[in-house]
Amino acid sequence: MSVDPLIEVKDLKVHFHTEDGVARAVDGVGFSIAPERTLGVVGESGCGKSVTARAVMGLIEAPGKIEQGEILLRHNGRTVDIAKLDPRGAEIRGIRGTEIAMIFQEPMTSLNPVFRIGDQIVEAILLHEKIGRAAARERAVELLAAVGIPLPRQRFEQFPHQLSGGMRQRAMIAMAMSCNPKLLIADEPTTALDVTIQAQVMDLMNALRRDFNTAIMFITHDLGVIAGMADDVVVMYLGRIVESGPVREIFRNPKHPYTQGLMGSIPSLADWGVRRLTAIDGVVPSPFAVPQGCGFAPRCPHAMEICRTRSPDLAEVAPGHAAACFLNQVPT
Amino acid sequence: MSDDTLLEVRGLRKYFPIRKGVLQRTVAEVKAVDGVDLAVKIGETVGLVGESGCGKTTTGRAILRLTEPTSGEILFRGRDDARMIDVATASPARLKELRRDMQIIFQDPYSSLNPRMTVGEIVAEPLQIQGLMGRAEREARALDLLKAVGLSEDHSRRFPHEFSGGQRQRIGIARALALNPKLIICDEPVSALDVSIQAQVINLLQDLQERFGLTYLFIAHDLSVVKHISNRVAVMYLGRIVELASTRELFENPKHPYTEALMSAVPVADPDFKVERIPLEGDVPSPVDPPKGCHFHPRCRYAQDICRNEVPAYRQVASAHFASCHRADELGLRGLKSS
């Protein structure tokens with residue numbers, strides 16, 4: 001890629017040390033996001049997509065631990081490794097909000113119920129920028145208007161419970177955008193919303209991305225949302241990336257049996273005549289007992305002998321398109 | 001009413017009172033279900049789709065009288081096949097008998113299974129309640145049912161917490177099958193499940209339908225799932241069915257502006273599939289105080305004066321195609337093009 005990436009994650013491992021053992025939530029993940037691009041991260045529950053996002057935000061705390069890897073961010077003209085920063089330290093606090101902001105699935109739990117919407121946004125602005133309260137207030141009202149909240153001055157005075165789910169998510173987005181972050185991490189931001197409201201929020205995020213020139217890391221389990229939002233896609237399974245590439249490549253030409261299985265699992269709105277879905281057999285193994293070899297082998301219809309003993313690395317199958325599967329590579 | 005009708009709902013209403021003050025006087029009502037007419041034929045799957053708060057779950061529960069309907073008829077073809085019985089007015093004894101033929105699968109596979117019962121007991125409980133079969137027979141039946149839903153015999157002695165979400169949903173399905181019912185109301189049976197597990201459960205429901213000749217009322221918010229599994233689809237908005245047609249007719253030739261907008265909002269898993277999204281402004285109005293005239297008019301881009309003042313009749317607009325829109329005949333709404 002010609003442009004320098006905004007953020008580059010290299011061989012990241014995040015493990016949770018619990019009484020039941022070690023959960024290998026993220027087990028060797030690497031990707032990069034270029035400025036103004038949207039990376040879609042797709043996978044099912046427990047695949048490690050949210051933990052990856054939290055690691056990028058510097059939010060991993062005990063019992064979680066970043067075991068290895070780098071999360072490189074260009075910040076103030078130099079490169080910072082977020083993985084090495086103290087999650088409570090001053091440096092990560094300077095990055096969060098200003099460089100990287102995050103929105104979550106359930107806006108009700110991320111907004112403080114006892115403070116007015118507007119004041120929460122003002123607080124975020126004052127925390128990061130040296131401007132007066134009145135100016136911050138004006139900025140907050142502008143932001144509420146920018147995210148399509150009608151009557152922003154009235155909404156400013158309201159509490160989170162007075163807003164609908166879609167409006168709350170818009171308010172969360174306004175807060176996240178308040179300091180013009182270079183990267184916005186969106187963790188299932190539309191999953192709790194109805195489909196018509198989801199469409200509004202997706203349109204909003206696409207518009208903001210153009211207006212603010214923000215890169216987005218968009219985490220979802222919904223392939224439809226990925227198709228409508230992402231430029232590039234990584235597919236995660238059991239703490240690892242099994243496939244990555246440009247969105248069109250991933251949908252047109254999926255190379256990993258797990259990606260193929262996901263595609264076959266969703267009923268299509270676009271065509272008729274599919275009577276039976278090609279489901280993936282079995283269930284996701286526990287992160288406490290990750291199988292030897294390829295994590296997907298126990299469920300894979302194409303599993304070979306080698307898949308049960310060795311774990312395949314991501315290897316390029318087409319320009320910019322990589323898959324971690326022995327079917328696509330000659331084992332050495 | 002034709003002979004192959006299994007269930008016919010007429011004018012079903014369910015209002016929840018809002019009480020206030022010391023005397024707990026009713027100050028308003030939530031009109032969760034506000035006049036639903038729906039017929040389901042033997043062996044078919046009718047999808048009931050709509051956004052949260054539209055009343056689809058309450059409709060399903062009211063049909064089974066898990067919640068008492070405020071008014072309306074729920075005619076169901078009973079055991080003897082001869083005549084339709086009104087579930088809404090059935091005596092407790094009659095209702096218990098009717099429930100042998102109408103069962104439900106719940107959305108949340110975690111809260112709908114008793115954590116203190118073994119899986120075998122859970123699956124056999126409907127038989128026990130109905131006083132059918134002896135203990136040994138019930139146990140044998142439970143094992144058969146577990147196998148029918150893709151679980152194994154040795155699962156029967158375990159407890160629900162030992163199972164994943166998809167497996168729990170299979171247990172719930174086995175329980176619904178225990179009495180050999182005719183109708184199963186599936187209330188969002190796959191929406192709590194991961195994509196790959198969702199596909200397994202959808203396939204299972206289709207296999208069981210074929211094997212046992214089941215009829216489904218399939219309640220869901222996911223249009224793609226509803227399209228895949230249903231023969232006919234009813235779209236609900238704010239307590240009422242606004243459109244009903246065969247699946248293909250509904251998706252290709254919608255007659256209600258809400259259906260059109262809903263379909264255009266669904267994200268399609270194809271980066272080259274470009275639909276022009278029809279924006280729906282604002283949120284669903286409150287069912288306590290629904291808008292005058294057509295409930296949908298404040299969000300409808302085709303609304304005219306008549307829509308603001310008069311409630312549109314739910315009427316036949318094409319062959320076997322019903323919609324409640326004043327302008328159904330003149331609007332050329334956009335459906336999904338078949339490819």
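Start by selecting helix α4 of chain B, residues 135–148, in this predicted model. The buried residues of α4(B) are B:R138, B:R141, B:A142, B:L143, B:L145 and B:L146. Now check the length of α4(B): its 14 residues reach 20 Å from the first C-alpha to the last, close to the 20 Å expected at 1.5 Å a residue. Then step past the end of the helix to B:G150, which follows α4(B) and has a positive phi, near 85°.

**Two helices in chain B**

Next, select α5(B), residues 165–177, together with α6(B), residues 195–212. Their axes come within 10 Å and cross at roughly 15°. An angle under 35 degrees counts as roughly parallel, and α5(B) and α6(B) are therefore roughly parallel to each other. The crossing in which α5(B) passes α6(B) is right-handed.

Which residues meet here? On the α5(B) side, colour B:G165, B:G166, B:Q169, B:R170, B:I173 and B:L177. On the α6(B) side, colour B:I197, B:Q200, B:V201, B:L204, B:L208 and B:F212. By class, the residues of this contact are seven nonpolar, four polar and one charged.

**A buried helix in chain A**

Move to chain A and select α7(A), residues 165–177. Its 13 residues should span 18 Å at 1.5 Å a residue, and the end C-alpha atoms are 18 Å apart, which agrees. Is α7(A) largely enclosed or largely open? Of its 13 residues, 12 are buried, so the rest of the structure largely encloses the helix. The buried residues include A:G166, A:R168, A:R170 and A:I173.

**One residue in α8(A)**

Stay with α8 of chain A and pick A:V201, which is placed in this helix. A:V201 has 23 other C-beta atoms within 10 Å. A residue is buried if that count is 20 or more, so A:V201 is buried. Leaving out residues up to four places away in sequence, A:V201 touches A:G166, A:Q169, A:P189, A:T190 and A:L193. For a distance exercise, draw a line between the C-alpha atoms of A:V201 and A:P181: they are 20 residues apart along the chain and separated by 18 Å.

**Where the chains touch**

Show both chains now. The contact takes 36 residues from chain B and 36 residues from chain A. On the chain B side, the elements that give two or more residues are α6, α7 (223–229) and α9 (257–265). The largest share of that side, seven residues, comes from α6(B). The residues of the chain B side divide into 17 nonpolar, 12 polar and seven charged.

Finish with one helix from each chain: select α8(A) and α9(B). How far apart are their axes, and at what angle do the helices pack? The axes are 8 Å apart and the angle is about 50°. That makes α8(A) oblique to α9(B). The crossing here is left-handed. The residues that meet are A:V195, A:T196, A:Q198 and A:A199 in α8(A) with B:A261, B:L262 and B:A265 in α9(B). By class, this contact has five nonpolar, two polar and no charged residues.

Notes. Residues numbered from 1 in each chain as written. Chains lettered and ligands numbered in written order. Predicted model: local features only at pLDDT ≥ 70, side-chain atom pairs only at ≥ 80, totals over all residues. Axes fitted to C-alpha atoms, helices over the stretch in contact; angles between N-to-C directions. Helix = DSSP H or I, 4+ residues; strand = E, 2+ residues; numbered from the N terminus. Parallel < 35°, antiparallel > 145°, perpendicular 65-115°, else oblique. Left-handed = near helix turned anticlockwise from the far one by under 90°. Contact = placed C-beta atoms within 7 Å. Nonpolar A, V, L, I, M, F, W, Y, C, P; charged D, E, K, R; others polar. Expected span 1.5 Å × (residues − 1).
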